[in-house]
There are 2 protein chains.
Amino acid sequence: MLALINGSPPRLVRDHPKPARPSGEARLRMRVAGICDTDLQLARGYMGYRGVLGHELVARVVEHSDATWLGRRVVADINAGCGQCEDCLARGGHHCPERSVLGILARDGALAEELVVPERCLVGVPDGLADERAAFAEPLAAALHVLDALPEGYAGPTLIFGDGKLGLLIALALRSAGLPVTLVGHHSDKLALVAATGTRTLLEEDAVAARVSAPVVVEATGTRGGLVRALAATEPRGTLVVKTTVAGPVAIDLAPVVIHEIRVVGSRCGDMAKAVDALAAGRVDPTPLIAARYPLSEAEAAFAHASRKGVLKILVEGPDGD
Amino acid sequence: MLALINGSPPRLVRDHPKPARPSGEARLRMRVAGICDTDLQLARGYMGYRGVLGHELVARVVEHSDATWLGRRVVADINAGCGQCEDCLARGGHHCPERSVLGILARDGALAEELVVPERCLVGVPDGLADERAAFAEPLAAALHVLDALPEGYAGPTLIFGDGKLGLLIALALRSAGLPVTLVGHHSDKLALVAATGTRTLLEEDAVAARVSAPVVVEATGTRGGLVRALAATEPRGTLVVKTTVAGPVAIDLAPVVIHEIRVVGSRCGDMAKAVDALAAGRVDPTPLIAARYPLSEAEAAFAHASRKGVLKILVEGPDGD
């Protein structure tokens, strides 16, 4: 089958073997898969990952131990825990030490004709929710997960640094929860994409000149400078949510963290069902972020397009697509 | 009057003018003052502070707008806020942007015969509580404040890195709250000082070999390496409480913070009344930490002694001492 194998650059293989289906796992045919910045980092060597790329997907169930799932469209939680440890039993296994992660760690991903995924990771897609929206469930879940890092009941101003795909989605996610949001970025055209939601937007030079600050700040630039600026904009006793990983060590002056008693909270994957609900109810419309669509047979070109600076979401359409 | 003025090294001045007493402030005569690592950093230039050193004190009230305070022994919250901003009104002014800080920022400290302190910062010392114990109220308040950084209701294992004065006090503080505590350090003799409280102790080489970890870790080494090791020992979804400031930027790999969704929480000063209560009730006995006592007239020698590597608490006795 067709599959995009990680490498620098990734390459499309035509005769990749169809995956075996272990006990407890479902076989899916891919409909739509998104390319995200983590994929670009994986192609540069992050995590040392060698398999099939892709962890944002909508697919159709073609084999499942429970026949009621057959034929359904699904998205999937990318963290496949052991299913038995305390983290798996209590919290869904996002931190299971034995976990594999779809398209990222020890588990082939979605940029292929078929894939297998633990049945317990599947979340059904309601009939009214289009593939192109449901394909955002994974990154939107991560964006909504910012809410879990905030102080209980927080409803105050929130400042987001970064107008890339993740920063824009976080702005949409926090607005959908009713928070007053200011998004700081470098690109007026991208900032304009979320203005309709009532997000206040600021070019970074203006934000720095105005010394904007907030009790809650989200770092979504993935850059060293962004992290330093986001920390400086976090008010005393405030919370800085770090969403993006910067490769390698970053020199940070931690004295302000102690003096101002700031909480720096790492935040990764979220709850897929919540994301599907928000998309299905129309509380979040991610479609302005779509930059282009490619068929799976042109996945190399899709990846090259996604790698260009400033490009938003590239979707790849699979064999089960409409 | 005698006063120890910051410098490198600090110098004892014999004719320092007695402080004027502004409205709302009390005049105190110093009984006992402690020297802490922050003082050593101030002498090396931290904060650019130029006044009288000393922020750990027991003193007697000699002038106060309310006569019932006259003659009482007191300790003092070192953060003197404006008294009118939101932080002052709601939370005691520890983060008031206009605050002065006793012996640290824009306010002469306690290593002098007399000092003035806002009346609202005073906390009375009960008759049964000896000066040598009450002198630990300020650092113990900071140590107990670690509890405020923990997840609500946390009662699980806690790992402290650093067997200096602050690390030892944090061990005593967390044990007084009933938490299971492991203290990691470099000095068997210091580690032994807290063993009687039921604190488990580990030499750092053994801790690293055993890959100890916990959901809650406290960094109290004040070193770059300690911070990196403390972060590595924090379990997924865990909390790292950073108590000590490392001068200048520290290169940290933040990817584990995001991947493991760790909360890094800065923690500074605590509630003086809680510390006095813990000392008065005998829940914390800090006296094993006392290394030596000097009269104020030998404050330079006291400071030199405190500056020696590995020395624990040096107390300086003032004119009102017994």
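**Interface, helix packing and local geometry**

In the predicted model, 36 residues of chain A are in contact with 36 residues of chain B. The size of an interface is often given as the accessible area lost when the parts come together. Here the area buried between chain A and chain B is about 2900 Å². Carbon and sulfur atoms give 60% of that area.

On the side of chain A that touches chain B, five elements each supply at least two residues: α2 (86-91), β14 (234-242), β15 (250-252), α10 (255-259) and β16 (263-266). By class, the residues on this side of chain A divide into 18 nonpolar, 9 polar and 9 charged.

Polar links also cross between the chains. Between chain A and chain B, 15 residue pairs are in polar contact, both residues being at pLDDT 80 or more. The interface of chain A and chain B holds 2 salt bridges. In a salt bridge at 3.4 Å, N to O, the side chain of A:Arg237 meets that of B:Asp87.

Over all chains, the count comes to 40 salt bridges. Side chains of opposite charge can pair when their charged atoms come close. Within chain A, the side chains of A:Asp320 and A:Arg60 form a salt bridge at 2.9 Å, N to O.

Helix packing was examined in chain B. Helix α4 (residues 137-144) of chain B packs against helix α11 (residues 272-280) of chain B at an angle of about 105°. Their axes are 8 Å apart. Angles of 65 to 115 degrees count as roughly perpendicular, so α4(B) is roughly perpendicular to α11(B). From α4(B), the contact is made by B:Ala137, B:Glu138, B:Leu140, B:Ala141 and B:Leu144. From α11(B), B:Met272, B:Lys274, B:Ala275, B:Val276, B:Ala278 and B:Leu279 take part. The contact of α4(B) with α11(B) has 9 nonpolar and 2 charged residues, and no polar ones.

Backbone geometry was also considered. Most residues other than glycine have a negative phi, and most peptide bonds are trans. In chain A, the peptide bond from A:Ser8 to A:Pro9 is cis, with omega near 0°. A:Pro9 lies in the loop between β1 (3-5) and β2 (11-13) of chain A. In chain B, the peptide bond from B:Ser8 to B:Pro9 is cis, with omega near 5°. B:Pro9 is placed in the loop between β1 (3-5) and β2 (11-13) of chain B. A:Met47 is not a glycine, yet A:Met47 has a positive phi of about 70°. The loop between α1 (37-43) and β4 (56-63) of chain A contains A:Met47.

Technical notes. Residues are numbered from 1 along each chain as its sequence is written. Chains are lettered from A and ligands numbered from 1 in the order in which they are written. Side-chain values use heavy atoms; hydrogens and water are left out. Axes are lines fitted to C-alpha atoms, for helices over the stretch in contact, and angles run from 0 to 180 degrees between N-to-C directions. Helices (H or I, at least four residues) and strands (E, at least two) are DSSP runs, numbered from the N terminus. Angles under 35 degrees count as roughly parallel, over 145 as roughly antiparallel, 65 to 115 as roughly perpendicular and the rest as oblique. Contact means heavy atoms within 4.5 Å. Ala, Val, Leu, Ile, Met, Phe, Trp, Tyr, Cys and Pro count as nonpolar, Asp, Glu, Lys and Arg as charged, and the others, Gly among them, as polar. Buried area is the accessible area (1.4 Å probe) that two parts lose on being put together, summed over both. A salt bridge is a side-chain nitrogen of Lys or Arg within 4 Å of a carboxyl oxygen of Asp or Glu. A polar contact is a pair of N or O atoms within 3.5 Å; within protein, one must be able to donate a hydrogen and the other to accept it, and residues adjacent in sequence count only if both atoms are side-chain atoms.
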